[in-house]
Amino acid sequence: MSTTQRTTPSAWEYIKYCYWAPLPKSMTAWVENDLAGPGASGRMVVRWAIPCIILLSPMLFVPADWGVRIIMTMPILIAYLFFSVALNRVYRRHRLAQHGLNPDLINRLEREKNSDLYDEYHRKYRGEHRRR
């Protein structure tokens, strides 16, 4: 057996991680990138959509016109996706805290992208250079 600890989850660990379980401390960097890195919001919406699609897929086999089948499934799916987008940041903050990471990491990319705007604001309205 290898004594080195893995830094990425196995397939089963990833499935558990997606829906309820925290990962070991050796995978903290991977979790940070997954929840606060580029594309984190999209990954979270996809993870939430999969169970909903699985639960709604039997409705597509109801003996009715396709219009009726779509009308039965789409309102549920659209509402579910709407709430998954609306609560995305809240859930990602919770998952970061669950893994012992700083919940403010989800704002890191936005702060880095807009750092010049923040610097300009501090220079113009506060007469100082922003501390980083």
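**Figure 1. Pairing of R89 and E110 in the predicted model.** At 38% relative accessibility, E110 counts as partly exposed. R89 is likewise partly exposed, with a relative accessible area of 38%. The structure shown here and in the following views is a predicted model. The side chains of R89 and E110 meet in a salt bridge, with an N to O distance of 3.8 Å. Because R89 lies in helix α5 and E110 in helix α6, this pair ties together parts of the chain that are 21 residues apart in sequence. Helix α5 spans residues 88-98, and helix α6 spans residues 108-113. Side chains of opposite charge can pair when their charged atoms come close.

Figure 2. D34 is buried, at 5% relative accessibility. R43 counts as partly exposed, at 27% relative accessibility. D34 also meets R47 in a salt bridge, at 2.7 Å from N to O. D34 belongs to helix α2 and R47 to helix α3, so the pair ties together parts that are 13 residues apart in sequence. R47 is buried, with a relative accessible area of 5%.

**Figure 3. The buried side of helix α2.** Helix α2 comprises residues 28-36, and its buried residues are V31, D34, L35 and A36. These residues cover an arc of only 165° around the axis, which puts them on the same side of α2. An α-helix has 3.6 residues a turn, so residues three or four places apart point the same way. The cover over the buried residues of α2 includes α1, α3, α5 and α6.

Figure 4. The buried residues of α1 are E13, Y17 and C18. They cover an arc of only 135° around the axis, which puts them on the same side of α1. What covers these buried residues includes α2, α3 and α5. The face of α1 turned away from the buried side carries the exposed residues A11 and W12. W12 is also among the residues of the nonpolar surface patch presented in the next view.

**Figure 5. A nonpolar patch on the surface.** The patch is formed by W12, Y14, I15, Y19, W20, V46, I50 and I54, which together have about 820 Å² of accessible area. Helices α1 (11-19) and α3 (40-56) each supply at least two residues of the patch. Which helix gives the most to the patch? Helix α1 does, with four residues. I50, a member of the patch, lies in helix α3. With a relative accessible area of 43%, I50 is partly exposed.

Figure 6. How many disulfides does a search of the whole structure find? The search finds zero. A disulfide is a covalent bond between the sulfur atoms of two cysteines. The cut-off for such a pair of sulfur atoms is 2.5 Å. For C18, the closest cysteine sulfur is that of C52, at 16 Å, which is too far for a bond. Seen from C52, the closest cysteine sulfur is in C18, and the separation of 16 Å is again too far for a bond. C18 counts as buried, at 5% relative accessibility. C52 also counts as buried, at 7% relative accessibility. C18 is one of the buried residues of α1.

Figure 7. V90 has its place in helix α5. Is V90 buried or exposed? V90 is exposed, with a relative accessible area of 53%. V90 and I106 are 16 residues apart along the chain, and their C-alpha atoms are separated by 9.7 Å.

Technical notes:
Residues numbered from 1 in each chain as written. Predicted model: local features only at pLDDT ≥ 70, side-chain atom pairs only at ≥ 80, totals over all residues. Heavy atoms only, no water. Buried < 20%, exposed > 50% of the residue type's maximum accessible area, 1.4 Å probe, protein only. Patch = residues over 30% accessible without salt bridge, like charges linked within 9 Å, V, L, I, M, F, W, Y side chains within 5 Å. Areas by Shrake-Rupley, 256 points an atom, 1.4 Å probe, with all protein chains shown as cover. Salt bridge = Lys/Arg side-chain N within 4 Å of Asp/Glu carboxyl O. Arc of directions from axis to C-beta. Contact = heavy atoms within 4.5 Å.
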